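Work through the exercises below with the sequence and the model at hand. Each task is followed by a worked solution.

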Amino acid sequence: MVDREKGLILIVDDYEEGREICAEYLAFHGYEVATAEDGEEALAKARELLPDLLLLDLALPKVDGWEVARRLRADEATADLLILALTAHALDDLRQRALDVGCDGVVTKPVIPKELERQVREALDSK
Amino acid sequence: MKRSTVAAQAAAGSARLDLLDSLQGLNQSDRCVEVTLAWLADALPIEQAFFAAVYEERGCLEGLAGLGVDPDAVAGFHLPLSDRNHPLLVALTSSEPVPFHSGIRGAEGTPLSADEFVAVSVCRKAADAQPIGLLCLGTPSLDDAHRESVEWLAGILATQLAALWYSSAADTARHRQQRLESITEILDVVSDPILVSDADGRTLLANQGAENLLSSEEDMSEGRRRAVALNNMLFSASLFSTHDAEANRREVLLVDPVDGHDLLFEMLTQPLEFEPGEEVTVSVLRNVTDLQRAMQELEDNYFRLRTAESRTRAERDRLELILGSTVDPILVTDSEGKIELTNPPAERLLTSEGSSIAAERRVQGNDAVLTSFHSKLYADSSQRLRDQLSLIDPVSGAEVPVEAIATRVVDRYGEDSATVTVLHDLTEAMEKASLYEQVKEYSERLEDRVREATAELAQQNELLRRQALQLEQASAMKSQFLANASHELRTPLNAIIGHAQLMLEGIAGELQPRQEEKLQRLDSNAQHLLAIINDLLDITRIEAGKLPIRPDRFELPDLVSEVAAELEPLVPAESVELNIELGPDLPTLETDRKKVKQIFSNLLSNALKFTVEGHVSIHTRFDDDSGTVHLAVHDTGIGIEEDHLHTIFEPFGQSETAFRPKQPGTGLGLSICRRLAVLLGGEIRVDSTLGEGSVFTFELPPVYREEEG
């Protein structure tokens, strides 16, 4: 039972396993999901789909996550998208950098599905 | 009685001539009068007569000679001229014969026996002629003829007597005056003052020089007159003193009337008989002022000369001293090359004093060298010549290379006075030059060595730099490796965990109980593995120094509460009590909060894990002695064996007790804690009793300092 009302989430990660786990989990919990495996695809799909939330891995091929975030923020159409950065590093300055570049939050990898779901929910609720 | 006039006149004339003849040659006045009276007695009928002469100096009329009268009476006849009204004196001035007879004063008292006589003035026939005397004739009167004869006679007598008396006196006086004047004239030529003084000191004669000093005029200045007066005093005093003393040569100090300067005279006095019986003193003043001055100057010059002489001597001595102390040989030669002056070093080279034949020869050799050097100087007619000469030390025979500088000294006429030659020993200079060369060589060698060493050093530096670079690269590679390893290890593990959890949530379908159990174990093992990997990577990072300290200011009590709250779920509610005891005066901590939290969380979770029943207490206090904050976790858990107390901080050194808690640790926790503690400048200690409990104390300096890290 896919519920558009819960929101469309675009999951961007070059790591297939991770991407699939996230997608499966969130879909199970009723979100509509879309995926992208590199920065280029991420930008295209974001502009096309205008998701409610973007889960963005910062380390991406073709165009890296940082750049994706910047471009989306620069584009008026996508400037208001919710972006949660996915990063393996949880260092404070990295967190701050992500926020500076325009992300609304940071989720540390490895992603604990339950934890992820909670953060997504909170972010969507806050909007 | 009248004679025939011609005959009478002729007779009278010849008689007169006879008288004149007789008078001629008589130079005694009384004899003249007697002869005259005798003639008169012939010519006149008189038997008595006398003549009285005027003696001006004595002021009287005195009898001189008589005829037919008592000679004593003549001599005694005396009449003062002051009694002007005396008839006899009046008769003196009369031009006429004056008769006298008794009753007229003066008629008596004459040598004439009768009172009747005629007085005739005997006077020269000049306008202002003074009467010479009075002729008294013993006859009462005279007739004209007789009168004429008498008058003629009186004239003759007057002339004769005048000639005898006045002219001789006048002559003498005039003659004397003339003598004096002519002497004065002669003496005026002499510039020295000359004076002739009489016995009383009165100046008889003074030449012009003397007059300049000793006479003054009315129109002269006061000062001049005073000077002259002074001079006169001084001169007179000197004159009189010569009379007393034997010496006739003395010094007199007078004053120049013109300019007032002192004048010194040498006074020579000489007595002289000017006239028979007249002693005079001749004084000659020789102006020795200049002489004295000249003498004084001479003395001064002499003194100056002596002083200059002694000074010159002193200078010469000094010069000799200087020359003697100079190291360089100096010699002074005349234009012919003959040595005038040498100093000891020069002597050493140019004299042998017959020490040995060899020395003698060497001296000659040196001499020859110098001579040819000097001749070059003169040949060139230059003022100075500089050349290098080779001399030989007469004593040692050693070569003495010298630099000779000869300078010609000319006197003010441009003539050669002397030549000064200085020999500058070059042996030292040469030695120095060779030493210098050596030093230069060594210095160059040293420079080379230094350069080599520097190059080596540079090389080594380069090597070190490269090594450092390599180390850095290695370190960077290590970090990179760690990062990669971390990422590679965790990623699949996360996937495992992820999938397991998805399945457990039923996403892949409903699960059988046994499936669930198996998945559960899969998940927990995967998590365990992840924990171990995380810890390993932590340790590696600490070891690699890749864990930066981020100091933060925070209060320990806040941290304690935070951690306690977070770990609360781990507390077995019924059996275990959790206590917190905070000490007083805890300082604000300035260190890496995250790491402190990690340590404390670890200690607390361990305590909770290993305590089944009893309590877990957290104590904090500030230790004054060590200056550190103590964070202690007490538990009443299983405790640790004594043997294992020192191994528990080692990786995987967990005590091997039978008891295995529900949540096994990674085995790395404590070792990480200890490493972190050390990193923060602190330490973790443990004290434990098996079966009773343990105390883990985290000691931490409140302020993190890099040196200690």
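**Exercise 1.** Why does Cys32(B) count as buried?

Solution. Buried stands for under 20% relative accessible area, exposed for over 50%, and partly exposed for what lies in between (1.4 Å probe, protein chains only). Cys32(B) has 0% relative accessibility and therefore counts as buried. Cys60(B), at 1%, is buried by that rule too.

The model is predicted: local features need pLDDT of at least 70, side-chain atom pairs count only at pLDDT 80 or more, and totals for chains, interfaces and linings use all residues. Residues are numbered from 1 along each chain as its sequence is written, chains are lettered from A and ligands numbered from 1 in the order in which they are written, and side-chain values use heavy atoms, without hydrogens and water.

**Exercise 2.** State how many disulfides the structure holds.

Solution. Look for pairs of cysteine sulfur atoms within 2.5 Å. Over all chains the count is zero.

**Exercise 3.** Describe the interface of chain A and chain B.

Solution. 
1. Contact (heavy atoms within 4.5 Å) joins 14 residues of chain A to 14 residues of chain B.
2. The two chains bury about 1400 Å² between them, with 64% of it on carbon and sulfur atoms; this is accessible area (1.4 Å probe) lost on being put together, summed over both.
3. On the chain A side, Ile21(A), Phe28(A) and Pro110(A) lose the most area to chain B, together 34% of what that side buries.
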